[in-house]
Amino acid sequence: MEGQKRFDVCVIGAGYTGLSASLHLAAQGLDVALVEAHRVGWGASGRNGGQLGYGMTVMQPELVRRFGAEAARRFWDISVESVELFHHLCERHSIDCDFRPGTMACATTQSNLDHLLRHADIVESYGTDIYRRLDAASTRETSGSPIYTGAILSYRAGHINPLKYAFGLARAAEKAGVSIFEGTRAIDIQVAEPAKVSLETGEITADYVVLGCNGYLQALNKSLAKRILPVNNYQAATEVLDEETRNTLLKGEICIWDTSNSVHYFRLTPDNRLVMGCSIGIPGRPPGNLERDCRRHINYVYPNLRDVKIDYTWGGTLAGTRSRLPDVGRLAPNLLYAQGYTGHGVGIAPLVGKYLANAICAESDGFEFLGSFDHKNVLGGRFLRTPSIIVYRLMTNTRDMLTRRLFGR
Ligand SMILES: Cc1cc2nc3c(=O)[nH]c(=O)nc-3n(C[C@H](O)[C@H](O)[C@H](O)COP(=O)(O)OP(=O)(O)OC[C@H]3O[C@@H](n4cnc5c(N)ncnc54)[C@H](O)[C@@H]3O)c2cc1C
């Protein structure tokens, strides 16, 4: 975008947060500019594992312990609302993003399984029966992997092609009247009434500004940047698998995440490639041999895929918070933000985008609730970020290797 323009709201970042905020603002009659440094869905939203799950990154037993039963229940309800919003948006705006039902959380140790089952117990106490419990034999049968001790499985949630979802939201936003400016980086925000957003080649004046830059925020707002740890996560897609090999893997079309230290998450694409998410790293510095790294993780889960070719590898940056819960709020009466979904934004980020829009247009209980939690700066400051990711990567790899050697999984 060049020159000066005036809008009711300027939203920065065209990932799920910014796209959904823009769509819901325009639907309520506001004139919205959505500025994106690269292209729609260029960030985590176009590169993620596509798992749309219930719950938050922090599971119910820990939420109850940390915040009490009532707040834990509220977090759960928000996650249910996020899955419902996904289905509503796809239906309302005819978004085809290859949704397939079924997410299975698989445990690699007995104590991890006990934790998953405690989580399911609490959820069932809310009067819902969304989880099926699987013993070791059925988990191995359903996952096709020999390494799991048990699992919980739900079918209303599932997995998607993440970039198709981002494009679908962008099309809906444009149709609702949002002006999307790709290749347009915001370089400064002046908080005033109206606010001014300086771009590399122009300026937007707006009554409200929404920040949805997540792990790519960098120096645009230093106080928010201190509260997140940007971490890269990498995935690999195998070659198209023949029918016989494919049938040894996941049963049906479900996706899986597991409780190993590296947190493997995987699914099959409609054309029968296995897409495995696994390895973590430092933003901007992919591991020396990413393919070898990903192959190690694929072999860990599926030893029988040793000879399968990897066709693609890629990574993206996600933002973690110290609490492992989303950081949502206002930096000024007309400057709102959301970030730090800690690897769990496919459902939650679009819902939070809706909350941001509602908080601007009238009020939003969800925005008030999520905004009521105090988010502390990530420990160690800017200089310890890279070493802490390196240490974490070493620790998870070593722990997984020891588990494998000691327990054969
Ligand atoms: C590899 C990977 C796998 C994941 N897997 C899953 C999963 O399976 N399930 C799940 O629930 N979550 C997953 N996540 C997390 C999920 O993708 C994110 O939580 C979610 O996409 C965050 O959306 P967002 O819109 O907040 O941020 P992003 O999608 O990262 O969007 C931020 C955008 O802001 C733009 N931007 C930044 N600065 C500026 C600026 N100054 N001016 C203009 N634009 C700017 C960026 O270019 C970017 O496009 C994964 C993340 C990664 C990286």
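Tutor: What follows goes from the domains to the ligand shell, and then to the strands and the core.

The model is a predicted one, in which local features need pLDDT of at least 70 and side-chain atom pairs count only at pLDDT 80 or more, whereas totals for chains, interfaces and linings use all residues. Residues are numbered from 1 along each chain as its sequence is written.

The chain is assigned to domain 1 (1-99 + 160-220 + 322-378) and domain 2 (104-158 + 229-320 + 379-409), with bounds that come from an automatic or database domain assignment. Taken over C-alpha atoms, the centres of domain 1 and domain 2 are 26 Å apart. Their contact takes 29 residues from domain 1 and 29 residues from domain 2, where two residues are in contact if their C-beta atoms, placed from the backbone, lie within 7 Å.

The ligand is surrounded by 43 residues, and the closest of them are Gly13, Gly15, Gly43, Gly49 and Gly345; a residue counts as near if its C-beta atom, placed from the backbone, lies within 6 Å of the molecule. Because both domain 1 and domain 2 give residues to this shell, the ligand lies between them. Two or more shell residues come from each of helix H1 (16-27), helix H2, strand E11 (229-238), strand E15 (310-320) and helix H11 (345-361), and E15 gives the most, with four residues. Helices (H or I, at least four residues) and strands (E, at least two) are DSSP runs, numbered from the N terminus. By class the shell has 17 nonpolar, 23 polar and three charged residues, with Ala, Val, Leu, Ile, Met, Phe, Trp, Tyr, Cys and Pro counted as nonpolar, Asp, Glu, Lys and Arg as charged, and the others, Gly among them, as polar.

Turning to the strands, E1 (residues 3-12) runs parallel to E10 (residues 202-211), and nine bridges join them; strands pair if DSSP finds at least two bridges between them. Ile12 stands opposite Leu211 in E10, and Leu211 also has Tyr337 in E17 as a bridge partner, within a parallel pairing of E10 and E17 (residues 335-339) over three bridges. Strand E9 (residues 195-199), by contrast, pairs with E10 in the antiparallel sense over five bridges, and a hairpin of two residues joins E9 to E10. E1 is also parallel to E2, through four bridges, and there Cys10 has Ala33 as its bridge partner. In E2 (residues 32-35), Val32 and Leu34 point one way and Ala33 and Val35 the other way, and all are buried, that is, 20 or more other C-beta atoms, placed from the backbone, lie within 10 Å of their own.

The largest nonpolar core has 107 residues, of which Val9, Cys10 and Leu356 touch the most other members; such a core is a set of buried Ala, Val, Leu, Ile, Met, Phe, Trp, Tyr and Cys residues joined through C-beta atoms within 7 Å. H11 gives the most to this core, with ten residues, and at least three residues come from each of domain 1 and domain 2. Not counting residues up to four places away in sequence, Val9 touches Leu25, Leu30, Val32, Ala206, Asp207, Tyr208, Val210 and Ile360.

Technical notes: A residue is buried if 20 or more other C-beta atoms lie within 10 Å of its own, exposed if 12 or fewer, and partly exposed in between; C-beta atoms are placed from the backbone.
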